[in-house]
Amino acid sequence: VIKCKAAVAWAAGKPLSIEEVEVAPPKAHEVRIKIVATAVCHTDAYTLSGADPEGCFPVILGHEGAGIVESVGEGVTKVKKGDTVIPLYIPQCGECKFCKNPKTNLCQKIRITQGKGVMPDGTSRFTCKGKQIYHFMGTSTFSEYTVVADISVAKIDAAAPLEKVCLLGCGISTGYGAAINTAKVEPGSTCAVFGLGGVGLAVIMGCKIAGASRIIGIDINKDKYAKAKEFGATECISPQDSKKPIQEVLVEMTDGGVDYSFECIGNVGVMRAALEACHKGWGVSVIVGVAAAGQEIATRPFQLVTGRTWKGTAFGGWKSVDSVPKLVTEYMSKKIKVDEFVTHTLPFDKINEAFELMHSGK
């Protein structure tokens, strides 16, 4: 058993608490990882807020991490002690019907137990002050050591800077893949990206790499426009600058609508606007943002009858074990940006400040 520091969420709506936790050794087909770097994501904040119907407490959050394999359980063959890895919240077992289908990346092998905050055998590897602590998204990267299933880990280039590539564990991969894999953006096309946070910037990067000729960024926070243009946005607009609904503004700006739109906020009203901003006959709108529990999307069916397509994406459609090492290689060869997404680097015990920076849009 390893004793180490972790940021424990004892209850919904309370700040994280840095505690000493015990991390049990990995069981069969499990891997224990020393986490070197982790990022914070709105998904962590969503669960911490208490709005997540799958949220269980007390829990160790975090799902954008990178580290070194400390030890492996019985039967583990893909990784060994000392390997550099990224934990994966969407695993890839290679055996279930989802993994065998090229149309999806949603491996279901451990979905039920992962959603309940436990390892595949139904138990936790974390304890603190004598209490069992739940796992989060199969990763729990807000701990100096974590245990994950062996199908939930990708071995990556040992030379990669972990404080940067940890972001490929969720946000950058999600946005980039939404453009490349889900929308399949084509050269010369016009795109609109709603929400210019980390995921939105990654979508813009993907659209640019795919050869889009016009990329319109949409956000009410104008402080984000300069960064969006660095990533490839050709122009940025705010819905608050016009009396007309934003979809009407976009349709006028683009002679009938955009070829591809992306909702990167998790707001069902914006999801509707993103669809309706698409061009009749061929426009495709991708939902990337995660809406709150129980919310529903709406539009007039005529929008779809007249040739628009509504899609969704999880982790950018990447088959995780196969794709994450390739994404790291693309970063190392400078095909994709990662460093530019990092705004602040804080010591682990300042993790609550990191959440404050995220909520304030900084």
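1. Helices (H or I, at least four residues) and strands (E, at least two) are DSSP runs, numbered from the N terminus. The UniProt annotation "domain: Alcohol dehydrogenase-like N-terminal", from an unreviewed entry, covers residues 28-156; such annotations may be inferred rather than shown by experiment.

2. Bear in mind that this is a predicted model, where local features need pLDDT of at least 70 and side-chain atom pairs count only at pLDDT 80 or more, while totals for chains, interfaces and linings use all residues. Residues are numbered from 1 along each chain as its sequence is written, and side-chain values use heavy atoms, with hydrogens and water left out.

3. Now the domains, whose bounds come from an automatic or database domain assignment. The chain splits into domain 1 (2-169 + 319-360) and domain 2 (174-313). Contact (heavy atoms within 4.5 Å) takes 11 residues from domain 1 and 13 residues from domain 2. The C-alpha centres of domain 1 and domain 2 are 29 Å apart.

4. What about salt bridges across the interface of domain 1 and domain 2? The rule (a side-chain nitrogen of Lys or Arg within 4 Å of a carboxyl oxygen of Asp or Glu) finds 0 there.

5. Two backbone spots to look up. The peptide bond from F57 to P58 is cis, with omega near -5°, and P58 sits in the loop between α1 (42-49) and β4 (59-60). H29, in the loop between β2 (17-23) and β3 (30-39), has phi near 60°, a positive value in a residue other than glycine.
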